[in-house]
Each structure stands twice: as C-alpha cells, then as structure tokens.
Amino acid sequence: MSAIRIVSTGRALPGKVMTNDDMSKIVDTSDEWISSRTGIKQRYFCDGEMNWQLAVESARKAIEKGDIDINEIGMVIVATFSPDYAFPSVACLVQKELGLRNDIMAFDLNAACTGFLYALNVAEGILNSSGEKYALVIGSEQISTRLNMEDRNTCVLFGDGAGAAVIEKNVTANYATVMGSDGNTTALICPGQAMENQYIDMDGKKVFKFAVSTVGNVINELLEKTDKTIQDIDYVICHQANERIIKTIIKQFDCETDKFYMNMSQYGNTSAASIPIAIDEMYEKGLLAKGKTIIMVGFGAGFTWGGMLLEC
Ligand code: ACO
C-alpha cells in the first residue's frame, strides 16, 4: 500500500520569548486567564527573523539529523498562511538557501492550521507517482505580523515557529488519511494584502465547537479505515491550538490522557507549524521509536481538517 514514513525532523523558534505576563503588559489580560482558558504559558515572536529563515533552520536540522543527501530531496512544500512575500514562495527561498536541486517543485500550500497535513498528503501523492526518494515538508509561520496587539481575544493565542520533516515512501497497511474542508469564511479569517488590515479575526466559540466535533470524527474515521481501536495507537498529535480543545476530545475516547501529546504551553498556537514542532519534540524525547503508530490531526480556518495515521 502506498504510504509515507517520517525519516527525520527539525524545529526552529525565533529568539523572543513572550510570557503571559509579558502579554498582560500589552493588553488587558492575565496569566491566570490565558493559562486556564488555553493552557498556553508562553510563545515565541519574531524580532527581525523572517518566516523563510525559520523554515530554513528547521529544514537544515531535519536534513542533518537524517544524514540526508540534499540531492535526493525531490520536492519542497511549505505549509504557511503567513509567507514573507506573495511571491516568491517560502519554499523557493528554502530551496535556494539550502542549495537544493533545481529540477524539483518548490511551492507553498495554505490550508491554515491543517496545512502541514495537507502538505504531507500532497507529498505522498507526488513521491508515489515519481522516482523521487525524499520530500521536504515544512510548516512555518510568522503569525505575530498578523496579530492585532490590541485584540486580547486573539493576540494571546498565537506564536511563531517552524517544524520540518523529511519523508520517504513506505509500504505498510498502517496508513490512512482523511482530508476535508467546508468553505466556512466567517468564524476565522485573516484578510490579505489588498485589505485594510491583515489581522486575524476569530469567533472563538464557533472554532471551539468545530474543533471538538471534527477532530473526534477524523480520529474515528482513521481507526475505521485501518481496522484499529484507539488502544492500537501509541500517540495522537492534534494541532496545538488549545489545551481545553484537546481535553474535550480526550473525553470522547476511552484512553489514557497522555496518549494525546500537548506542548502548546511552550509555543502557543503556531498554526501549520504546531504538528511538526510537536513531532520533532517527541522524536527528541524518544517517544516515536520505529514501529510506533501515531495519528496526527489538524483543523483550521476554511474550515479545513486533516488526519493521518502513520507508522514511524
Ligand atoms: N484576557 C482576559 N479576558 C479575555 C481575553 C484575554 N486574553 N480574551 C477574551 N477575554 C474576555 C472576553 O472579552 C469576554 O469578556 P466579556 O464576558 O466581558 O465580554 C470573556 O473573556 C469571555 O470571552 P469568551 O470568548 O466567551 O471566552 P471563552 O471562554 O470562550 O474563551 C477562547 C475564549 C479561549 C478563545 C475559546 O473560545 C477557545 O478556546 N476557542 C477555540 C478557538 C481557538 O483556540 N482558536 C485558536 C486559533 S484557531 C485554530 O487554530 C484553528
């Protein structure tokens, strides 16, 4: 069966750490409010760093850790909703900076917080229909430039960062994907370059409801497709938007809480970067040894959603 495997991962964060107390000096909020509503304790904001620089750093680490020959990288896909330029894409800047081959496709993909999973799915299709050995898939965001620092409803939730994965083809029955979108344009929106402002606007309660219903359905569909139960899964890695969302999802399943990995306390919501950052941390902690089975689930603006069951 056509499938993919993660070969190696990397992550990059900008230098400026913003704690909840730091945020409370900018807007009328508190560590108590943010922690209890979201689980977020701190986030990183760019302070001169560009999106593409974070993408390059995360990719370089993934390539080094996997001891990858860069001439065997057959495509670069960067999932992002916050590119530095309308064009060239972040992916082309990564290609140039890393000195990758020039007979490959390098492009960005925007599916908001689901972007990394859409990108993995696209990479799987291209890998399996080409002779290429590796794909470089990156989730990279500079969300701080899209935040209205006077809007406490949104500015405390997000952070900047990047996560990268080198992936290759795999042959296993332990693989399934579920991808979707429904065209919602009101609950979560970030205006584009021609608009008056480019700030994120969110109806938090609508997003919450969408997330808790969709993620549970995606997990169940992946389990059905592979004839597994939640007990067969070593870890579930959800998009790291909000601890309360993930805790509500955990209640829908008969399993131990730590099966669902959480790290938003350190990074906030990094959109398309949240899942690859989490995966990289998990490899570093030795949680994802060869043979482990994981589920990754993303959800985001659009509304978009995506899930992937994968063997490490
Ligand atoms: N600090 C203090 N008070 C705040 C803050 C803040 N940072 N933000 C909002 N409030 C206030 C509101 O003004 C409101 O005050 P009011 O009652 O006087 O009007 C009060 O807190 C309650 O606001 P609610 O919106 O009802 O707060 P809620 O309990 O729903 O929590 C939250 C808000 C955390 C955003 C919640 O709706 C949520 O978790 N939504 C999920 C959305 C999410 O996580 N989005 C992330 C990005 S989207 C994505 O990744 C797909």
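Two strands pair if DSSP finds at least two bridges between them. Helices (H or I, at least four residues) and strands (E, at least two) are themselves DSSP runs, numbered from the N terminus. Everything below comes from a predicted model, where local features need pLDDT of at least 70 and side-chain atom pairs count only at pLDDT 80 or more, while totals for chains, interfaces and linings use all residues. Residues are numbered from 1 along each chain as its sequence is written, and side-chain values use heavy atoms, with hydrogens and water left out.

**View 1. Strand β7 and its two partners.** Strand β7 covers residues 161-171. Strand β1 (residues 2-12) pairs with β7 in the antiparallel sense over 10 bridges, and here isoleucine 6 faces isoleucine 167 of β7 as its opposite number. Strand β6 (residues 134-141) pairs with β7 too, again antiparallel, over eight bridges. In that pairing, look for isoleucine 138 opposite alanine 164. Nine of the 11 residues in β7 are buried, where buried means under 20% relative accessible area, exposed over 50%, and partly exposed in between (1.4 Å probe, protein chains only).

**View 2. A charged pair between β1 and β7.** Glutamate 168 and arginine 5 form a salt bridge, their closest N and O atoms 2.4 Å apart. The term stands for a side-chain nitrogen of Lys or Arg within 4 Å of a carboxyl oxygen of Asp or Glu. Glutamate 168 sits in strand β7 and arginine 5 in strand β1, 163 residues apart. Both glutamate 168 and arginine 5 are buried.

View 3. The chain splits into domain 1 (2-171) and domain 2 (176-311), with bounds from an automatic or database domain assignment. Their C-alpha centres lie 15 Å apart. The contact (heavy atoms within 4.5 Å) takes 51 residues from domain 1 and 47 residues from domain 2. Together the domains bury about 3900 Å², 60% of it on carbon and sulfur atoms; this is the accessible area (1.4 Å probe) that two parts lose on being put together, summed over both. Arg11, Cys113 and Leu117 supply 18% of the area that domain 1 buries against domain 2, more than any other three residues. Three salt bridges are counted between domain 1 and domain 2.

View 4. Aspartate 280 counts as buried because its relative accessibility is 1%, whereas lysine 65 at 49% counts as partly exposed. The network, then, is Arg11, Lys65, Asp280 and Glu284.

**View 5. Valine 56 in helix α3.** Valine 56 lies in helix α3 (residues 51-65) and is buried, with a relative accessible area of 4%. Neighbours within four places in sequence aside, valine 56 is in contact with Val94, Glu97 and Leu98.
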